[in-house]
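I opened the model to see how the chain is held together. My notes follow in the order I looked things up.

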Amino acid sequence: MEKLLSKLADKHVLFPASFLIRLALVAYGDFQDRTMAVKYTDIDYHVFTDAARFIIQGESPYNRSTYRYTPLLAWLLTPNIYLCMVFGKLLFILCDVLSGVLIYRTLRLRGLDSKTASYVCSLWLLNPLPMGVSSRGNAESILAALVLGTLLCMEAKHLVWAAVLYGLSVHMKIYPITYALPIALTLRSPEVGTAEGKPIQTWKKCVIFIGCFLSRELILFGIVAGGVFSVFTAIFYYMYGWPFLHETYLYHLTRRDIRHNFSPYFYMLYLTAGTHQSRHGGGGIMLWGFVLRGQ
């Protein structure tokens, strides 16, 4: 066992092995879908595929009920229709392994040696949960790769690329907007106070604190990330109109998905479904649940 773990700590073994395991799960999933009553493939994968089929037919992906994602995802999965049904799954497992590579590169930039970085990276790559999620056809791995790519680019001081990836990640799914605060705190200028021993008035402290967020790096990041998000949003609004805005963004602020067990609130919402508290207080709870569960 120790020798096996030592071999897996080698990045030249870890990354290919992780991909092959996921590839085997995709193959097994196809077998289970064809032979068993309980299917391996996530129902959302069929939703993505149906939306891609509507796009190929020149129609809106929102003609497919329950498609509540950016049209970009449906466009990416159009090869599911004209090439191979498992194309999307292959894309997702590639992004899953890419996420591990990005974790490794980020840790190396932060000073960890190769072996330690590989061990930490294996916590993702050999974890059954992301393996199952990506091989079943869930698109979360794309978002994970975008967010981790943002982190790596920031660590490597490639600020423009970091902003591009961050803007794209927020477009893909709105919840990475919650990362804006830690990014802003990272890019703000150091506080410049007065001489020691002299008291600083409260209003001056507020001015100094706000002034820290007017750094060149933070302004550049905000303009680029906001521009990328706005361009994609404007293009798809022009193409698909109000259904795009509602299904992709606004719907998730009011949804009451009482059976979504990735949310820490799902059981509370399930127990209070249909009650007075659910009808009048559910919106705020669902907003926080939406942020915390990543939906």
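I began with Asp 42. Its relative accessible area is 12%, so I log Asp 42 as buried, the cut-off being under 20%. This is a predicted model, and I read every value as such.

I then looked for the partner of Asp 42. Arg 136 forms a salt bridge with Asp 42, and the closest N and O atoms are 4.0 Å apart. Arg 136 is partly exposed, at 31% relative accessibility.

Next I checked His 46. I find His 46 in helix H3, residues 43–56. His 46 is partly exposed at 34% relative accessibility. Not counting residues up to four places away in sequence, His 46 touches Thr 41 and Met 85. I also took a C-alpha separation: 8.6 Å between His 46 and Gly 137, which are 91 residues apart along the chain.

How many salt bridges does the structure hold? I count eight. I looked at two more.

Arg 64 pairs with Asp 50, with 3.0 Å between the closest N and O atoms. Arg 64 is in the loop between H3 and helix H4 (71–76), and Asp 50 is in helix H3, 14 residues apart. Arg 64 counts as buried at 19%. Asp 50 is partly exposed at 23%.

Glu 247 forms a salt bridge with Arg 68, the closest N and O atoms again listed at 3.0 Å. Glu 247 lies in helix H14 (residues 242–254) and Arg 68 in the loop between H3 and H4, so this pair ties together parts that are 179 residues apart in sequence. Arg 68 is partly exposed, at 23% relative accessibility. I also noted a network: salt bridges with shared partners join Asp 50, Arg 53 and Arg 64.

I turned to the nonpolar core. The largest one has 55 residues. Phe 48, Tyr 67, Leu 73, Phe 92, Ile 142, Leu 187 and Phe 221 touch the most other members. Helix H9 (residues 140–155) gives the largest share, eight residues. Beyond four places in sequence, Ile 142 contacts Leu 73, Leu 76, Leu 91, Phe 92, Cys 95 and Met 172.

Is Thr 106 buried or exposed? Thr 106 is buried, with a relative accessible area of 7%. I place Thr 106 in helix H6, residues 87–109.

Then the surface. Trp 75, Val 231, Ile 235, Tyr 238 and Met 239 make a nonpolar patch of about 560 Å². Helix H13 (residues 216–240) supplies four residues, the largest share. Ile 235 belongs to helix H13. Ile 235 is partly exposed at 42%.

An unreviewed UniProt entry places "transmembrane region" at residues 80–104, 141–168 and 218–240. Residues 218–240 are 100% helix, with end C-alpha atoms 32 Å apart. Residues 141–168 are 89% helix, with end C-alpha atoms 14 Å apart.

Last, the whole chain. I list 16 helices and zero strands. Of the 295 residues, 40% are buried. The chain exposes about 16,600 Å², and carbon and sulfur atoms supply 67% of that area.

Notes
Residues numbered from 1 in each chain as written. Predicted model: local features only at pLDDT ≥ 70, side-chain atom pairs only at ≥ 80, totals over all residues. Heavy atoms only, no water. Helix = DSSP H or I, 4+ residues; strand = E, 2+ residues; numbered from the N terminus. Buried < 20%, exposed > 50% of the residue type's maximum accessible area, 1.4 Å probe, protein only. Contact = heavy atoms within 4.5 Å. Patch = residues over 30% accessible without salt bridge, like charges linked within 9 Å, V, L, I, M, F, W, Y side chains within 5 Å. Areas by Shrake-Rupley, 256 points an atom, 1.4 Å probe, with all protein chains shown as cover. Salt bridge = Lys/Arg side-chain N within 4 Å of Asp/Glu carboxyl O. UniProt positions renumbered as here; feature names shortened; annotations may be inferred. Core = buried A, V, L, I, M, F, W, Y, C linked by side-chain atoms within 4.5 Å.
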